[in-house]
Amino acid sequence: MDLTAERDAIRLTVILLRCLGGRSQRQVEKITGVDQRRWSRYELGQITPRRSTRERIAQSLGVSPARLDQLLAVLVQICEESRANRARTAPPADLESSESDPREALRKAALEVAAEIAESLEPLMLDSLADLEAAIKTPSLP
């Protein structure tokens with residue numbers, strides 16, 4: 001397993017857990033007990049929370065450890081695929097250095113990862129919606 005991909009996946013998981021609940025970092029601090037500055041460092045990828053901390057955060061936000069493991073596994077694969085794809089399609093070094101705004105490069109990279117995540121999750125979401133629709137159409141037994 002690519003350690004950089006795992007680190008990126010953990011960072012994305014922390015962001016996703018917070019955003020799924022529509023919470024600010026300050027709100028998450030109150031729920032999880034993780035200081036807002038530390039949370040910010042998690043999201044920026046400056047530090048990585050330990051597994052026990054990730055599990056405590058996930059449970060505080062209503063996500064089981066098993067689901068957390070599944071999410072991380074999917075995000076690691078996406079990050080590995082994304083990194084491999086970028087390596088295959090990377091522009092020549094002279095073009096890369098011509099980017100004047102590093103924030104724009106970061107924004108582009110974030111959009112690429114978001115598109116890849118959405119694309120990879122689409123079949124799972126469609127299956128879940130189909131299951132939900134079937135459950136709604138099936139009359140429940142008394």
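Reader: Which residues line the second largest pocket?

Author: Bear in mind that this is a predicted model. The second largest pocket is lined by Leu16, Leu17, Leu20, Val63, Arg67, Gln70, Leu71, Val74, Leu121 and Leu124, and the space within this pocket comes to about 340 Å³.

Reader: What makes a residue such as Leu16 count as lining the second largest pocket?

Author: A lining residue must have an atom within 4 Å of a grid point of the pocket. Leu16 is listed in the lining of the second largest pocket, and therefore Leu16 has such an atom.

Reader: Which helices supply at least two residues of that lining, and which gives the largest share?

Author: H1, H5 and H7 each supply at least two residues of the lining of the second largest pocket, and the largest share, 4 residues, comes from H5. By class, the lining of this pocket has 8 nonpolar, 1 polar and 1 charged residues. Arg67 belongs to that lining, and because Arg counts as charged, Arg67 is the 1 charged residue there.

Reader: What is the volume of the largest pocket, and how many residues line it?

Author: The largest pocket has a volume of about 680 Å³, and 25 residues line it, with Arg11, Leu12, Ala109, Ala110 and Val113 lying nearest its centre. Helices H1 (3–20), H3, H5 (65–89) and H7 (102–137) each supply at least two residues of this lining, and H7 gives the most, with 8 residues. The classes are 15 nonpolar, 2 polar and 8 charged residues.

Reader: Why is glutamate 43 called buried?

Author: Buried means under 20% relative accessible area; glutamate 43 has a relative accessibility of 10%, and so it counts as buried. Glutamate 43 is placed in helix H3, which spans residues 36–44.

Reader: Which residues does glutamate 43 touch, and what makes these contacts?

Author: Leaving out residues up to four places away in sequence, glutamate 43 touches Arg11, Val14, Ile15, Arg18 and Gln25. Contact means heavy atoms within 4.5 Å, and therefore each of these residues has a heavy atom within that distance of glutamate 43.

Reader: What makes the largest cavity a cavity, and which residues line it?

Author: In a cavity a 1.4 Å probe fits but cannot get out, whereas a pocket is an open set. The count comes to 1 cavity of 30 Å³ or more, and the largest cavity is lined by Thr13, Val14, Leu17, Pro49, Arg54, Ile57 and Leu68. H1 and helix H4 (51–60) are the elements that give two or more residues to this lining, and H1 gives the most, with 3 residues.

How values were computed. Residues numbered from 1 in each chain as written. Predicted model: local features only at pLDDT ≥ 70, side-chain atom pairs only at ≥ 80, totals over all residues. Heavy atoms only, no water. Buried < 20%, exposed > 50% of the residue type's maximum accessible area, 1.4 Å probe, protein only. 1 Å grid on protein atoms, 1.4 Å probe; cavity = no way out; pocket = protein on both sides within 12 Å on 5 of 7 lines; lining within 4 Å. Points joined across faces, edges and corners; volume = space filled by probe spheres on them.
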